[in-house]
Amino acid sequence: QFQRRAKQRHLRNLPGPPSTSFLTGVAKDLHNPHAVPYREHVLSSYGRVIKLQGFLGEIDIALSDPVALGAIFGKFRDVFELPKWQSETHRAVFGPNLMSVSGSEHHKQRKHLNPIFSAKYLREAVSTQHGIAQELTNVLKAEVGQSTSEVELSEYFSRYSLEAVGRTTLGYTFGPLKKHGTDYSRALKEFGPTLSHLHLWRPLLPWLRKTFPPALLRFGVQLLPMKALRHMQWISDSVFAMSKRLLDEKMENLRKDDLHGLRENKDLMSVLLRENMSTEDVDSLSEPELLGQMSLLLLAATDTTSSSISRATQLLSLHPDAQDKLRRELIGATTGAGRTLLDLDFDTLAGLPYLDAIVKETLRLYPPFYLFIRIAQEDVVLPLGSPVTGIDGKQIHELFLPAGTIVWPNVFWVNRDPEIWGADSAEWKPERWLGPLPEKLVEAHIPSVFAHTMTFAAGPRSCIGYNLAVTEMRIALAHLILSFELTPSEKEIVWKLGGIVTPTVRGSTARKPELPVNVTVLPT
Ligand code: HEM
């Protein structure tokens with residue numbers, strides 16, 4: 001670490017926010033539930049390469065230079081990885097999964113999982129998702145009744161997203177949306193909040209796991225006076241028990257299926273298991289790896305998607321013109337064309353220009369993750385697309401990062417840099433997606449899997465479920481806007497930071513996300 005600090009000396013010359021603590025730099029200002037305004041200020045005020053002082057003088061970099069990011073997710077894709085403490089947390093709680101492995105192990109797991117998230121299988125998942133969205137609108141209609149009512153929508157979106165990923169990926173239901181939830185979902189939901197209590201201890205995990213056998217660590221957890229740690233053990237045990245039960249049932253069903261020549265289990269995990277069972281590949285996924293993926297998929301899919309549906313809903317309630325325009329498009333595609341919403345398949349939904357524009361614009365301007373994390377595993381020199389002016393006034397044309405330096409791809413600013421997106425980049429303007437995109441955006445070659453943005457990251461660890469998330473958003477918004485008129489509640493919504501940003505009411509002490517919106521049922 002001392003060597004790295006010495007090698008990082010030149011990074012002190014980069015622009016960045018002043019440190020507020022000798023011990024923690026700006027880490028506490030950036031990573032706390034109320035950090036959204038500070039983050040937005042810092043990530044948009046210091047240019048494309050920002051120095052962030054971390055613990056005891058360590059320097060992290062927030063990066064939005066497209067050329068440097070292109071190198072991180074392209075030429076240096078094997079150099080920039082997840083920090084060990086992050087992958088070890090995933091492994092310790094859920095077993096081996098995509099987020100707990102790196103290098104060739106990660107490559108092997110992605111090779112097996114990528115195909116099940118392809119459009120081919122997602123096409124089949126659309127009717128399941130329509131069914132859940134229809135259930136959602138029915139529950140809301142019953143709650144709203146005849147007049148306009150203020151409804152807390154965030155909890156419903158969370159149930160919708162969990163149910164959608166549960167049914168499409170695992171073929172598992174968490175119950176009717178009206179009264180949703182099982183121990184499985186509770187354990188998964190408590191992972192994030194429990195982890196935040198253990199944040200400071202996480203860097204010790206790689207060492208602990210290397211030094212002590214698992215049984216001894218387990219015993220130690222029971223002895224230590226740390227409630228959060230014991231709770232994490234409970235989460236891990238509950239998720240494991242449920243995933244194991246589900247996996248065993250699936251294997252049994254698949255065997256029966258094959259005996260009777262049926263191919264009924266269309267959920268993505270059954271597709272994966274079928275492939276896994278029929279392959280001679282020595283690389284096929286082991287049982288612990290399959291169990292690990294099941295938990296990860298539910299975890300990665302739920303809060304992210306429901307946060308994005310919440311954001312789009314809030315924006316539509318604040319922009320009645322956009323809401324009307326979307327409703328007109330949807331009426332044209334359904335009753336106007338002699339169809340119902342349920343007839344709109346994957347491709348028809350994707351081909352509705354204004355719906356698509358609303359989803360893209362929401363995910364561009366308000367990504368659930370403003371930052372994500374990578375660590376340089378060896379010394380590296382990154383090229384820069386435009387030079388940075390150092391504190392000493394000199395121009396910096398490339399960036400030397402010593403091994404161990406943490407880089408935070410600055411999703412927030414890549415997605416709204418006015419030099420790339422235009423002077424109106426900070427406005428929510430779905431129309432920008434309806435015509436040709438700005439030349440500067442196309443020429444910037446932002447590394448991306450979706451709409452020139454970094455909302456779903458990029459490179460080998462980009463979001464595997466982005467197509468599913470976008471489809472879920474399209475379906476939820478289509479059903480909501482055709483059934484209801486949405487107007488803003490009197491209560492002020494502020495967005496708070498957990499791992500991702502989530503809505504809450506100003507002044508509220510609730511620990512769960514909250515999105516009150518005034519809802520009126522439209523005549524059918
Ligand atoms: C709007 C919704 C979503 C957003 C914004 C989002 C964003 C992201 C981002 C930024 C990453 C990279 C994280 C990192 O490397 O640190 C990621 C990874 C991942 N996401 Fe998503 N995600 C969403 C929905 C989903 C869904 C629906 C699924 C699955 C059904 C999913 C599964 C995953 C998995 C498994 C990874 C890890 C990939 C790997 O390491 O190879 N995500 N996501």
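Where is the place of Cys-463? Hi everyone, let's start there. Cys-463 sits in the loop between helix H20 (439-444) and helix H21 (466-483). When I say helix, I mean a DSSP run of H or I with at least four residues, numbered from the N terminus.

A quick word on the ground rules. This is a predicted model, so to speak plainly, local features need pLDDT of at least 70 and side-chain atom pairs count only at pLDDT 80 or more, while totals for chains, interfaces and linings use all residues. Residues are numbered from 1 along each chain as its sequence is written, and side-chain values use heavy atoms, with hydrogens and water left out.

Back to our cysteine. The SG atom of Cys-463 is the only protein donor of the ligand's iron atom, at 2.3 Å. A donor here is an N, O or S atom within 2.8 Å of the metal (3.2 Å for Na, K and Ca), and with water not among the atoms, a site may look incomplete.

Now the surroundings. The ligand has 28 residues around it, and the closest are His-106, Arg-110, Arg-374, Arg-461 and Cys-463; to be counted, a residue needs a heavy atom within 4 Å. By class, the shell holds 18 nonpolar, seven polar and three charged residues. Nonpolar covers Ala, Val, Leu, Ile, Met, Phe, Trp, Tyr, Cys and Pro; charged is Asp, Glu, Lys and Arg; the others, Gly among them, are polar.

Let's look at the arginines. A side-chain N or O atom of Arg-110 is 2.8 Å from a ligand oxygen. For Arg-374, a polar side-chain atom lies 2.7 Å from an oxygen of the ligand, and for Arg-461 that distance is 3.1 Å. A polar contact means a pair of N or O atoms within 3.5 Å.

Which helix gives the most to the shell? That is H14, with seven residues. Helix H6 (103-113), helix H14 (287-318) and H21 each supply at least two.

Finally, the neighbours of H14. The axes of helix H8 (residues 153-170) and H14 come within 8 Å and cross at roughly 140°, with axes fitted to C-alpha atoms over the stretch in contact and angles running from 0 to 180 degrees between N-to-C directions. That makes H8 oblique to H14. For H13 (residues 268-278) and H14, the axes come within 12 Å and cross at roughly 160°, and these two helices are therefore roughly antiparallel. The cut-offs are under 35 degrees for roughly parallel, over 145 for roughly antiparallel, 65 to 115 for roughly perpendicular, and oblique for the rest.

Definitions and conventions:
A polar contact is a pair of N or O atoms within 3.5 Å; within protein, one must be able to donate a hydrogen and the other to accept it, and residues adjacent in sequence count only if both atoms are side-chain atoms.
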